[in-house]
Amino acid sequence: MFFHDLKYFILSQLKTKNLIFWLLLFPIALGCFFRIAFGEIYGNLTQTGPIPVAVVEEKDNPVFRSVLESMKGLEEQFLDPVDLDEATALERLKNNTVEGILYVNDKLRLTVAEDGLEETMLKKFVETYTLRETILTDAALTHPEKMEAAAAALSKDCHSVASVSVTTGNTNNFTQYFYNLIAMTALYGSLLGMQICFNNQANLSALGARKSCSPISKAVSLAADLTGAVLLQFLCMAVCVTFLVFVLKIDLGNRLPLVYLAACLGGMTGVSIGFFVGSIGTAGQRVRTGICNAVVLLFCFFSGLMVGNMKALVARFVPWLNEINPAAVISDSIYCLNLYSDYRRFGEKLAAMLLISLLFCILGIIMTRRKQYADI
Amino acid sequence: MENTVIKIENLVKRYGDLIALDHFSLAIREGEIFGLLGPNGSGKTTTINCMLSLLAFDKGNIEIFGQKMTPVSYDIKKQIGIIMQDVAVFNELTVYENIDYFCGLYITDKAERKRCVMEAVEFTGLGEFLKFYPKKLSGGLLRRLNIACGIAHKPRLIILDEPTIAVDPQSRNKILEGIQKLNRMGATIVYTSHYMEEVEQICTRIAIMDKGKKIAEGTKDELKRMIKNTETITVEVLGLSEAVRNEIIQLPHVYRTEYDGERLTVFCSGGTHNLIRVLDVFRTHEIRVGRVYSELPTLNDVFLEITGKELRDRKGDSHVLS
Ligand SMILES: Nc1ncnc2c1ncn2[C@@H]1O[C@H](COP(=O)(O)OP(=O)(O)OP(=O)(O)O)[C@@H](O)[C@H]1O
Ligand SMILES: [Mg+2]
């Protein structure tokens, strides 16, 4: 009975145009739209060659030297330094053959001519270098063998830090839009979740009433439909992530299996939210679907799907909202995965998703478990 | 000995202030085609939903197959086939898949299920529409699908709630014949409708309900014997004088007349040759008449006489004389 119900739930949902649209086509279309809209920036970022920079040595700085040396050995060149005297350097800066001048003294100083992506990256380089100076000094003087690794880390940081700040210099970047897109798709799973209620509650549809008259127990039927909805949503999430990564070539980091995991868990959260919303109150199907859509979009709005720096604003003024807003939790999980090398925060976000799913599922089951209605 | 399949005692159901069922009692015996006849809003669907334990009711007792019916009486539910008033099918599944789905909720064995589904398909004549989606089916075919989904598992008790709404006469007759066939194959049938012709045609016993109350119960002949009226004569005649009307009401067996300026209706109770006597009056006064009908009482007359209002638009066995 469980598998019979499961089979037909999945079959019927697969044939539902509405769901296919919201869960597959809409995210894909939006993804393409984002990709086109951000295409230029994206191209710049991923295809940046080494940044030409003039190095004017005011004072000998062996640590910086060895950092530069080590960076030359890296696969991906970040800087293309040329040693020059100040006059030549300034001239070249003027005619744009270098993007900036690094003055080497006890400290690093940077002069740039204009504002742009490369300039931002150079600034970040100087900032990061200054921040890490002690570690770098330590490596250069006492553990020369670690120098390469330290320089690589520095270079990588400059890349990622710079890419984070491309647009307006805050922590939003366009990849965030794609994280939010994944979150949105995940939350659209709520439509699937809601369908479970429609199919099983006698007061919501003739089908629900009909099913309630049959000898399948509500527990079995709910379990089967929940399983079906979650499985379908896994599929949709997998399609969405695959499309982003392999078709649109969005860089979601190098821990892709974990991105899939996060997306799927997010999808489960979406299903459970829909299941819960579907189970409360007495409103009809249309009203519920409307409410559900509105809730999803609201979550996504506060997570920054529509306005990029929304999440930063929320973080400043109502920080707890980001912790419980499912859209924010889902997009943050992938963000954390790519920002931090350890798994602590990623794990926390996954746990939060599981918790939210569990909570809404339990609440939904409590609401739908009743078998008799005062009016139909 | 006939067993009681459904026993309803003193059922009371309120929707807020509205009393939808008012101390309603009913006993349906095995092998019957039981008709529940009542106008819109009389509480037929409410009764059925209570019977199936979908609706919580305020008072009363319901037993099916001698056991108290509860929402978890799965053993009882297994033996019931339900055809709801609103078509309950998956719009995204084909005809075959729909029937298979519902049948599968009752029958787990695959081979047996397949056989049952095909039998239901044949029974409802949906054979050529197996791959159709419900949206592509006409109203009548959709109703037939709804029926197929309800009967595929060969239930002992079949409850049909107005299965013929929006169905053309041809399909309707097919459905009615099908119901009688199911009954012959051993199923007890509960049939609700507000079409008295249908109920008269197939039901072995009938309960008439109005405003949540049972107002009469019996076979159709028993019901018709309950009322005074045995014949209703209608004469199309213009400008009838008071005097002639009085003369007609003096005729034996005539107990009431109605005249709306175009049509005279004469109600008779008992006796024979009532029509001839009425026409004799017109002949002696040399009054030209249009069409003349004589109708035997219908369930509508039963309803009319008990409640003082029409069940539905009048129709019946009419004999046209001119
Ligand atoms: N969910 C509800 N809430 C409030 N009142 C209801 C509800 N369902 C039915 N009613 C009322 O209860 C009464 C009985 O309704 P019911 O649906 O049982 O009638 P019915 O005999 O099946 O009519 P129909 O021939 O139109 O199907 C009606 O007056 C109706 O307005
Ligand atoms: Mg009804």
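Author: In this predicted model, an oxygen atom of ligand 1 lies 2.8 Å from an N or O atom in the side chain of Gln85(B). Taken alone, ligand 1 exposes 640 Å², and the protein buries 68% of that (Shrake-Rupley accessible area, 1.4 Å probe).
Reader: Which backbone reaches an oxygen atom of ligand 1?
Author: A backbone N or O atom of Lys44(B) is 2.8 Å from such an oxygen.
Reader: And where does ligand 1 lie?
Author: Ligand 1 sits between chains A and B. Around ligand 1 are 16 residues (a heavy atom within 4 Å), and Gly41(B) and Glu162(B) are among the closest.
Reader: What gives the most to that shell?
Author: H1(B) does, with three residues.
Reader: On what basis is all this given?
Author: The model is predicted, with local features needing pLDDT of at least 70 and side-chain atom pairs pLDDT 80 or more, while totals for chains, interfaces and linings use all residues. Residues are numbered from 1 along each chain as its sequence is written, chains are lettered from A and ligands numbered from 1 in written order, and side-chain values use heavy atoms, without hydrogens and water.
Reader: Turning to the interface, how many salt bridges does the rule find between chain A and chain B?
Author: The rule finds one (a side-chain nitrogen of Lys or Arg within 4 Å of a carboxyl oxygen of Asp or Glu). The side chains of Lys15(A) and Glu97(B) form a salt bridge at 2.9 Å, N to O.

Note on methods:
A polar contact is a pair of N or O atoms within 3.5 Å; within protein, one must be able to donate a hydrogen and the other to accept it, and residues adjacent in sequence count only if both atoms are side-chain atoms. Helices (H or I, at least four residues) and strands (E, at least two) are DSSP runs, numbered from the N terminus.
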